[in-house]
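Visitor: I'd like to learn how to read this one feature by feature. Could you walk me through it?

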Amino acid sequence: MALTGPPAAVPGRENPPDRRPAPPPAGEATPEGNRPSRPGRSAHGATAEPARPAVPPAVARTRVSTVLAILAISPLMRMAALRYAVPPGLPSRTGCDACGAPIGLTRPWPALGPAARCGRCRARVGPPPGTVELAVLAAAVLLVFAGPSGGALPALIWWLGWTIPAVLVDLAVHRLPDRLTLPAAAGTWLLLGVAALDADPGHWLRAVIAGAGLALFFASTTLLLGRRGFGLGDAKLALSVGALLGWYGWPVLLLGLLVAFGLSALVSLGLLAARRARWSTHLPFGPFLLLGTTATLLLPT
Ligand SMILES: [Zn+2]
């Protein structure tokens with residue numbers, strides 16, 4: 001997916017630890033790839049930072065244009081969410097449910113824009129208006145201003161590009177399509193492998209073990225508990241979630257899972273209290289995996 005830009009897509013993260021007010025390099029090339037990555041720092045390193053120095057105007061401009069550039073791919077993600085948000089067994093959606101007008105990248109507006117309306121009959125199509133754009137904007141701002149240092153950043157960008165639409169599908173029809181979770185996992189493992197060439201290969205091994213282990217655990221709950229366990233879609237998403245968190249270490253993996261389960265418990269209790277759900281209600285878990293992983297990797301803890 002188009003989110004897989006080179007590290008240059010996230011300028012402004014050039015030197016988070018040594019906060020020299022250096023002018024931006026020509027062409028805004030990010031030296032992420034030339035720097036030894038420091039897994040383990042990102043989730044906690046920011047806490048050690050004192051007040052940030054003033055950001056040079058050129059860097060600020062580049063950051064803003066990077067956010068806008070990332071936002072420009074939101075129609076692609078809206079199309080993925082619209083296409084796969086269909087019940088299991090049905091073919092992917094290729095047009096408006098009401099009038100059948102085809103929806104695609106050749107004529108993206110307004111169906112793939114924030115208004116989410118069919119260009120012919122004006123019926124609502126796909127994820128609710130503004131949701132994809134808000135999610136992409138939030139992810140872009142967080143990546144540009146608080147993205148983790150180190151070579152795992154391209155893997156995280158790739159993963160978000162596939163997982164945001166997957167989670168929107170999960171919210172709509174309670175399933176995580178293989179066509180989104182499996183490319184997310186394959187690209188994440190591959191890009192972490194590339195990052196490991198510049199870092200300790202042990203990080204990649206740990207990431208792979210964490211991804212495979214978490215997926216096996218989720219899949220085993222499906223076999224043992226049936227519908228009360230996790231879905232197989234969650235297990236396939238866990239392949240990449242475990243790898244991303246595991247890259248940064250076992251404590252980060254544990255923290256990410258705790259955040260995901262904690263958020264899920266909070267939301268479940270809130271829905272129960274508001275009588276919007278019953279004990280037997282099955283909540284999609286994909287959104288909590290997305291939030292738990294992103295919060296753990298992007299926000300200072
Ligand atoms: Zn229509």
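Visitor: Where is the place of Arg275?

Guide: Arg275 sits in the loop between H9 and helix H10 (286-298). Helices here are DSSP runs of H or I with at least four residues, strands are runs of E with at least two, and both are numbered from the N terminus. Before we go on, keep in mind that this is a predicted model: local features need pLDDT of at least 70, side-chain atom pairs count only at pLDDT 80 or more, and totals for chains, interfaces and linings use all residues. Residues are numbered from 1 along each chain as its sequence is written.

Visitor: Is Arg275 buried or exposed?

Guide: The idea is to count C-beta atoms, placed from the backbone: a residue is buried if 20 or more others lie within 10 Å of its own, exposed if 12 or fewer, and partly exposed in between. Arg275 is exposed, because it has 7 other C-beta atoms within 10 Å.

Visitor: What is phi of Arg275 near?

Guide: Most residues other than glycine have a negative phi, and most peptide bonds are trans. Phi of Arg275 is near 55°, a positive value in a residue other than glycine. Ala116 also has a positive phi, near 55°. Ala116 is in the loop between H3 and H4, and it counts as buried because 21 other C-beta atoms lie within 10 Å.

Visitor: Which peptide bond is cis?

Guide: Look at the one from Trp109 to Pro110, where omega is near -5°. Pro110 is in the loop between helix H3 (74-84) and helix H4 (131-146).

Visitor: How many helices and strands does the chain come to?

Guide: Ten helices and zero strands. Read from the N terminus on, the order is α-α-α-α-α-α-α-α-α-α.

Visitor: Which residues make the contact?

Guide: Two residues are in contact if their C-beta atoms, placed from the backbone, lie within 7 Å. From H8 you get Gly242, Leu245 and Gly246, and from H9 you get Val252, Leu253 and Gly256. They divide into three nonpolar, three polar and no charged.

Visitor: Where is Arg206 placed?

Guide: In helix H7 (residues 201-225). Arg206 counts as buried because it has 22 C-beta neighbours inside 10 Å. Leaving out residues up to four places away in sequence, Arg206 touches Gly246 and Trp247. Arg206 and Leu245 are 39 residues apart in sequence, and 9.7 Å apart in space, C-alpha to C-alpha.

Visitor: How many residues has the largest nonpolar core?

Guide: A nonpolar core is a set of buried Ala, Val, Leu, Ile, Met, Phe, Trp, Tyr and Cys residues joined through C-beta atoms within 7 Å. The largest one has 74 residues, and those with the most contacts inside it are Ala81, Ala155, Leu156, Leu192 and Leu244. Its largest share, 13 residues, comes from helix H5 (residues 153-173). Take Ala155: not counting residues up to four places away in sequence, it touches Thr188, Leu191, Leu192, Ala195 and Leu244.

Visitor: With which residues is Pro127 in contact?

Guide: Leaving aside neighbours within four places in sequence, Pro127 is in contact with Arg78, Ala81, Leu82, Ala116, Val132, Leu168 and Ala172. Pro127 lies in the loop between H3 and H4, and it is buried, with 22 other C-beta atoms within 10 Å.

Technical notes: Nonpolar A, V, L, I, M, F, W, Y, C, P; charged D, E, K, R; others polar.
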